[in-house]
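This briefing walks through a single protein chain, topic by topic, for a reader who is new to looking at structures. Please keep the sequence and the 3D view at hand while you read.

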Amino acid sequence: MSARAACRLESLGYSHVHRYVAGKTDWLAFRLPIEGNTAESQRIGDLARTDTPTCHLTERVASVLSRLNDSRWDFCVVVHCDRVVQGLLPATAPQNDDEVQHLMDDQVQSFRPHAELTQVLEAMRKGKLDRAVVTNSDGQLLGAFLRTDVEQASMTH
């Protein structure tokens with residue numbers, strides 16, 4: 001809320017008034033409580049898997065792919081500086097000694113955690129995407145999901 005609104009509420013006797021400067025979208029992106037008609041809607045942040053494998057730009061592809069073999073994931077999220085998403089490395093990447101940054105796909109689709117499932121599913125179908133990541137407003141990885149996750153969740157709600 002604005003400084004003016006915060007001051008007015010305080011003048012009316014409210015003692016727990018917080019002025020959130022970053023704005024409504026940022027508030028939603030950090031999954032802070034909301035009210036209203038869409039408060040009960042399922043959001044992509046609720047669906048994102050937090051066990052998503054990550055790797056760094058300068059790691060060797062062979063090492064990363066070997067870790068992926070031991071997981072249920074077919075991609076690794078490439079992160080740098082404070083887990084900021086840089087791209088995706090698919091499990092189908094050529095197994096060699098290159099650095100991840102040379103073989104990653106830097107055209108990764110990301111969504112904010114407050115995005116509603118119907119919007120996400122529509123965007124994924126339109127863009128022919130099988131997977132995407134969830135990031136906060138600073139681009140930091142919160143999790144990842146598959147389109148099949150969204151489709152299944154959409155059918156149950």
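In this predicted model, the largest nonpolar core has 21 residues, of which Val-77, Val-78, Leu-89, Val-100 and Val-133 touch the most other members. Helix H4 (61-69), strand E2 (75-80), strand E3 and strand E6 each supply at least two residues of this core, and E2 gives the most, with five residues.

- Val-100, one of the core residues that touch the most other members, is in contact with Cys-55, His-56, Leu-57, Glu-59, Arg-60, Val-61, Val-64, Val-78 and Leu-89, when residues up to four places away in sequence are not counted.
- A second, separate core is made of 14 residues, and among them are Ile-44, Ala-115, Leu-121 and Val-150.
- Val-85 belongs to strand E3, which covers residues 84-90, and Val-85 counts as buried because its relative accessibility is 15%, where the cut-off for buried is under 20%.
- When its neighbours within four places in sequence are left aside, Val-85 is in contact with Val-77, Val-78, Val-79, Val-108, Val-133, Thr-135, Gly-139 and Leu-141.
- Val-85 and Gln-140 are 55 residues apart in sequence, and yet their C-alpha atoms are 6.0 Å apart in space.

**Helix H6 and its two sides**

- Helix H6 runs over residues 117-126, and its buried residues are Leu-117, Val-120, Leu-121 and Met-124.
- Seen down the axis of H6, these buried residues fall within an arc of 95 degrees, and therefore they line one face of the helix.
- This pattern can be understood from helix geometry, because an α-helix has 3.6 residues a turn, so residues three or four places apart point the same way.
- On the other side of H6, Thr-118, Glu-122 and Lys-126 are exposed.
- The buried residues of H6 pack against helix H3 (44-47), strand E4, strand E5 (131-135), strand E6 and helix H7 (147-156).
- Lys-128 follows H6, and the phi of Lys-128 is positive, near 55 degrees.

**Aromatic pairs**

- How many aromatic pairs does a search of the whole structure find? The search finds two.
- The rings of Trp-73 and Phe-75 have centres 5.4 Å apart and planes at 85 degrees, so this pair is edge-to-face, since planes over 60 degrees apart are given that name.
- Trp-73 counts as buried because its relative accessibility is 7%, and Phe-75 counts as buried because its value is 1%.
- The rings of Phe-111 and Phe-145 have centres 6.0 Å apart and planes at 50 degrees, so this pair is tilted.
- Phe-111 counts as buried because its relative accessibility is 10%, while Phe-145 is buried with a relative accessible area of 0%.
- Arg-49 lies over the face of Trp-73, at 5.2 Å from the ring centre.

**Confidence in the prediction**

- The mean pLDDT of the chain is 86, and 87% of its residues reach 70 or more.
- Confidence in the chain is highest in strand E1 (residues 54-56), at a mean of 96, and lowest in helix H2 (residues 24-29), at a mean of 68.
- Where pLDDT is low, the predicted coordinates should not be read in detail.

Conventions:
Residues numbered from 1 in each chain as written. Predicted model: local features only at pLDDT ≥ 70, side-chain atom pairs only at ≥ 80, totals over all residues. Heavy atoms only, no water. Phe/Tyr/Trp six-rings, centres within 6.5 Å; stacked < 30°, edge-to-face > 60°. Buried < 20%, exposed > 50% of the residue type's maximum accessible area, 1.4 Å probe, protein only. Lys NZ or Arg CZ within 6 Å of the ring centre and 35° of its normal. Helix = DSSP H or I, 4+ residues; strand = E, 2+ residues; numbered from the N terminus. Arc of directions from axis to C-beta. Contact = heavy atoms within 4.5 Å. pLDDT = per-residue confidence, 0-100. Core = buried A, V, L, I, M, F, W, Y, C linked by side-chain atoms within 4.5 Å.
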